[in-house]
Amino acid sequence: MAGRGSDTMEHDGGETISDVSFPLGEGVSGRGRSTISMSDEGEEAFYVPERRPSLDLGDGLRPMDTTHWHDVERAQSPVHSYNSVNSDTQFWPSDELDEETELSATRVQLERTDSYSSGYSVDSDCETRTRKSQDAAPKEEGPAVEPPRPELIKNPDEKRHPALTVDFTFKAIRKTLEKLGKDDLRTFKITLWKRYPESFSSPPQGMDMVDLVDRLLEFYDLEVALQLTKALLKDMGLKRLDAYLTDLCKKNEVRYELRGTLLRKYSWMCEGVAQQGEHKAFDSIFNELYITDRGNAGPNIEHEVRKIDKLSTNRKEEKRITCSQIFDPDVIYEKHVSHIVTNGIAGVGKSMAVQKFIMDWAEERKHNHVYFLFPLPFKELNLMLKLKISLLEIVHTLYPETKALPTFECDEGKVMFICDGLDEYAHSLDFHRTETWCDSTEPAAMHVVVTNLIRGNLLPSSLLWIISRPLTSSRLPPESVHQVLEVRGFTNEQKEEYFRRRFQDPAQADKVIAHLTSCKTLHIMCHLPMFCCVVREVFQHTFREKGPDAELPKGLTLMYTRLLLVHLHVRGARGSASRTPEEERDFLINLGKLAFTMLEKNQMVIGKATWKDCGVDVAEAVTNSGLCIEFLIEQFVMYQERIQTFIHPTIQEYLAALYVFLTWRCTGQNVLQQPRNSKFSRMFKDPGLLDMHRSAIERSLQSPDGNLDVFLRFLLGMAQTANQELLQRFLPDKNKCSSASEETAAIIRKKIKENHYPDRNANLQCCLDELGVGAEAPRRSRSNSVKNQ
């Protein structure tokens, strides 16, 4: 002890160390802190030793009395060594100092068993706080027992799960520790400090939650930080929190794999029917849709010729929204909206809106408040109709990666189900007599599960989005529907955007858009994305066959026939009962007869009695074929009535023309002529196509408001070769009839020249375009045809 008064002392290894003793608490807290707050530490962690008298060296002639001196065992250092101390008492780990810094800085070596702590303060006016030993007294035998610390092992061969990110690990540990009470959190910090002191330069007692977790992730790998946190929680007897953190990690992995599954399933889209197998990236072909928050707008009645009064469907002002605003968090939490129904006619873009929502979630662009997203298409649920199955098993079947979770309920975010195609569901839904079912893990009949999911009995805190055609969605119980949206296709600006994205050559895109603008009926019908797809295919085929300078076809009939075939194809893909070509033809004839009868009366609304007379099932026309639509009209205050119409007036006109053409091909009857007396009927041969065209022209010109103008265009286009090829399966024989284009064109030109109906000349010119002859037909053919009339 003779060297105690000198400035330095020699260590066993000859190394010079400072004799300035820093009690343990002071040394560890020296990193940026000069004092330690006792309010956080408590008396268990630190204490203030009793002040001792200053050294009295007298006059320097007498030897110092050291009889009252005694050795004090220094408490174990929280770190193996702190290598330098500067004037601010800040420590740096040895691996951060180079050799030159180590030589110039004053080194302090704290040994676990061989160091001594002087009980005297360097300055009698300063009190030194010393870490309290277990017995509050110096020990003479052996070192202090170190608390057990679990091994933190990271397998270098184990590949980290992609879902384990810094952001997730930080949030998971923080969220878990935030569930600790104040005392448990203090115990956690003390235990962490005692067992893993190397991760801190000062006791973590004064750290807030963000700094504490941040420090863990700075010092340890992500896996080790989670392992450490769980080990301490388990040792503290907090097994529920340990399980909670484990569950968070498992859900995060499942969520990551679910996103991958949805990306693989929904990131591609097959556009159109003719190009089976040609898939395109969804984001490259999607453009925004016209969506409103009122689901009862009725059909689009915009027409080139006819004046149709808008039906009174609702009196509330519509609000336009985008796909990304569906299930907006503000709407969910402020207006308590959890069940949304979105409807719209066939081909208007409902499935496209659903796919956009799923892609935004899967790519983490939007809807981060949704933790799990489970699309449940009804066409896939139809395959499980005979099973007794629970909601949990349905999800496990469609998304096998979710089998790792016993339940989907979580407080990390919302669980959302998307039920697309309610009108495709093969089982009827009875919301009045179906039993109540509230357990998502117990199996039941499929219609029981679906009904109670819609009611909100299964996972009541979840979000539910139902997509359907209007007829089916209007049957849902009002208390289960919190908001109704309607997809209404494209606005004029969105139509242009669609074609500019499909035709990469700007010159071709400009030519297509100019052509559509000049043909009003085509431009109006392009509010349907499905119709836009049909037009695109026709125009692209024209450019491929005839070059970029080709003149685009001006006819309507070919476009509408393709649209009809798409509807029939979709009907078959939706699982509807298959029909033979003859049965399909009979259905089209009956529906067309209904359309023609109403067209002559300039009617849009189909009455109940009318359905019975024509022999067409309402559900078949509205739900399955998609050619009609049902909606509500407000007849009187507080009274609404369900009515049906065709999805657009031009669809009515096309089906009417199809009825006239198919009837003539199948029976030889011209329904446009007055029926002949049976006594003289055998004196006349069966009417030819030219006779039918002549009758249609006369009927159209005599129509007071032009109700049959567009109908006439469709009828004249029916007999064209390209159109007959598309309709071949509905025709009674394989032989194509003569189109009589030139002869019919001669009659039309004569009518234009006579100018008896000047306001109809524009439509007659469009009829020439429909026949494919235009205004430049050879004079010889025209004159010869006129003579033969």
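Okay, so let's start with a definition: two strands pair if DSSP finds at least two bridges between them. Helices (H or I, at least four residues) and strands (E, at least two) are DSSP runs, numbered from the N terminus. What you have above is a predicted model, where local features need pLDDT of at least 70, side-chain atom pairs count only at pLDDT 80 or more, and totals for chains, interfaces and linings use all residues. Residues are numbered from 1 along each chain as its sequence is written, and side-chain values use heavy atoms, with hydrogens and water left out.

We've got an open sheet of seven strands with mixed pairing, and the order goes E10-E9-E17-E11-E16-E14-E12. At the edges sit strand E10 (320-321) and strand E12 (370-375), each pairing on one side only.

Now look at E17. Strand E9 (residues 291-292) runs antiparallel to strand E17 (residues 483-487), and two bridges join them. Strand E11 (residues 339-343) is joined to E17 by four bridges, and that pair runs parallel. So which residue of E17 is the bridge partner of Thr292? That's Glu486. And Asn343 stands opposite Glu486 as well.

Rings of Phe, Tyr and Trp (its six-membered ring) pair if their centres lie within 6.5 Å; planes under 30 degrees apart count as stacked, over 60 as edge-to-face and the rest as tilted. By that rule you get 22 aromatic pairs. One of them is Phe374 with Phe408: the ring centres are 4.9 Å apart and the planes sit at 50 degrees, so this pair is tilted. Phe374 is in strand E12, and Phe408 is in the loop between helix H13 (391-398) and strand E14 (414-420), so the pair ties together parts that are 34 residues apart in sequence.

On to helix packing. Two packed helices are described by the angle between their axes and the distance between the axes. Here, axes are lines fitted to C-alpha atoms, for helices over the stretch in contact, and angles run from 0 to 180 degrees between N-to-C directions. Angles under 35 degrees count as roughly parallel, over 145 as roughly antiparallel, 65 to 115 as roughly perpendicular and the rest as oblique. A crossing is left-handed if the near helix is turned anticlockwise from the far one by less than a right angle, and right-handed if clockwise.

Take helix H5 (residues 182-195) and helix H6 (residues 209-219): their axes come within 13 Å and cross at roughly 30 degrees. That makes H5 and H6 roughly parallel, and their crossing is left-handed. On the H5 side, Leu185, Phe188, Lys189 and Leu192 meet Met209, Leu212 and Leu216 of H6, with contact meaning heavy atoms within 4.5 Å.

Next, helix H26 (residues 689-702) and helix H29 (residues 741-754), with axes 10 Å apart and an angle of about 25 degrees. H26 and H29 are therefore roughly parallel too, and this crossing is right-handed. Among the residues in the contact are Arg694 and Glu698 of H26, plus Glu743 and Lys751 of H29.

Last one: helix H27 (residues 709-718) and helix H30 (residues 761-771) have axes that come within 8 Å and cross at roughly 20 degrees. Is the crossing of H27 and H30 left-handed or right-handed? Right-handed. The residues meeting there include Leu712 and Leu716 from H27, and Cys766 and Cys767 from H30.
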